[in-house]
Amino acid sequence: ERLREQRPLRESPPEVERMISVGVSLLHARYQPVWDATLVAVDGLIRACGQHGHPLLHGLITALSKFFEPPLDQVVGPMRSRFASLMASVIRSIGAEATLDILPLGLDAVLRRDADAHPRAWLLPLLAQHTPPRQRIAYYWDMLLPIADALRDAGAAEDSDEGGAAAVVRKQMRVLADQLYDLLPVFFRAPSDLATSFPQHAEAMGTRFANDPPMRARI
């Protein structure tokens with residue numbers, strides 16, 4: 001109730017801070033035997049915070065993301081779908097832009113062919129499925145579309161000297177580009193900035209859709 005009384009929330013009440021601290025502690029591999037119960041509690045906390053989850057739940061969301069990345073992704077096992085449901089709750093509560101502010105995709109590492117990096121490509125299907133309406137067109141057009149274009153171009157480039165591993169990387173780039181392009185209709189569902197951003201981007205959008213049939217088909 002305290003969360004719902006404060007809009008915008010400039011400072012979280014102490015009891016909320018304690019609840020969040022407990023939530024973060026529950027996201028630990030040592031609680032694996034009782035995850036059935038603890039994950040329900042964490043989901044309730046995410047839902048209770050709602051749009052205030054950004055920035056209130058920054059630490060909890062970051063801790064949750066670790067279970068999708070090495071080495072903790074190997075610990076999750078049959079509970080993988082439960083952790084995915086938690087991340088889906090995060091996205092539905094705070095939206096795509098806030099989620100990506102806390103958990104950047106890091107796909108520039110794929111363009112650099114950095115084998116040691118762990119980009120958050122696992123987020124893309126979750127964003128496509130669970131992003132609520134009223135996102136910003138401008139965010140997609142200015143932040144995500146350029147990454148998609150860069151991945152598509154890099155994935156299409158061929159090097160006569162490259163071996164099989166490089167061909168696999170190029171295919172990965174094309175897949176990631178397609179997943180980013182698939183987010184286009186998600187950001188066009190009752191966008192919150194339609195009145196302000198659409199006039200600014202309308203000409204570029206029209207040109208792009210006219211000259212790019214695969215992208216046009218996504219609308």
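Select two helices to start: H3 and H7. From H3, pick Trp35, Asp36, Leu39, Val40, Val42, Asp43, Ile46 and Arg47. These meet Arg82, Phe83, Leu86, Ser89, Val90, Arg92 and Ser93 in H7. Colour the picked residues by type. The contact of H3 with H7 divides into 8 nonpolar, 2 polar and 5 charged residues.

H3 covers residues 35-49, and H7 covers residues 80-102. Their axes come within 9 Å and cross at roughly 5 degrees. Angles under 35 degrees count as roughly parallel. H3 and H7 are therefore roughly parallel to each other. Keep in mind that this is a predicted model.

Next, select Ser197. Where does Ser197 sit? Its place is in helix H13, which spans residues 194-211. Is Ser197 buried or exposed? Its relative accessible area is 7%, so Ser197 is buried, since buried means under 20%. A polar contact of 2.5 Å joins the side chains of Ser197 and Asp193.

Finally, zoom out to the whole protein chain. It has 14 helices and 0 strands. The C-alpha atoms fill a box of roughly 55 × 45 × 25 Å along the principal axes. Of the 219 residues, 43% are buried. Residues 24 or more positions apart account for 73% of them.

Notes
Residues are numbered from 1 along each chain as its sequence is written. This is a predicted model: local features need pLDDT of at least 70, side-chain atom pairs count only at pLDDT 80 or more; totals for chains, interfaces and linings use all residues. Side-chain values use heavy atoms; hydrogens and water are left out. Helices (H or I, at least four residues) and strands (E, at least two) are DSSP runs, numbered from the N terminus. Buried means under 20% relative accessible area, exposed over 50%, partly exposed in between (1.4 Å probe, protein chains only). A polar contact is a pair of N or O atoms within 3.5 Å; within protein, one must be able to donate a hydrogen and the other to accept it, and residues adjacent in sequence count only if both atoms are side-chain atoms. Axes are lines fitted to C-alpha atoms, for helices over the stretch in contact, and angles run from 0 to 180 degrees between N-to-C directions. Angles under 35 degrees count as roughly parallel, over 145 as roughly antiparallel, 65 to 115 as roughly perpendicular and the rest as oblique. Contact means heavy atoms within 4.5 Å. Ala, Val, Leu, Ile, Met, Phe, Trp, Tyr, Cys and Pro count as nonpolar, Asp, Glu, Lys and Arg as charged, and the others, Gly among them, as polar.
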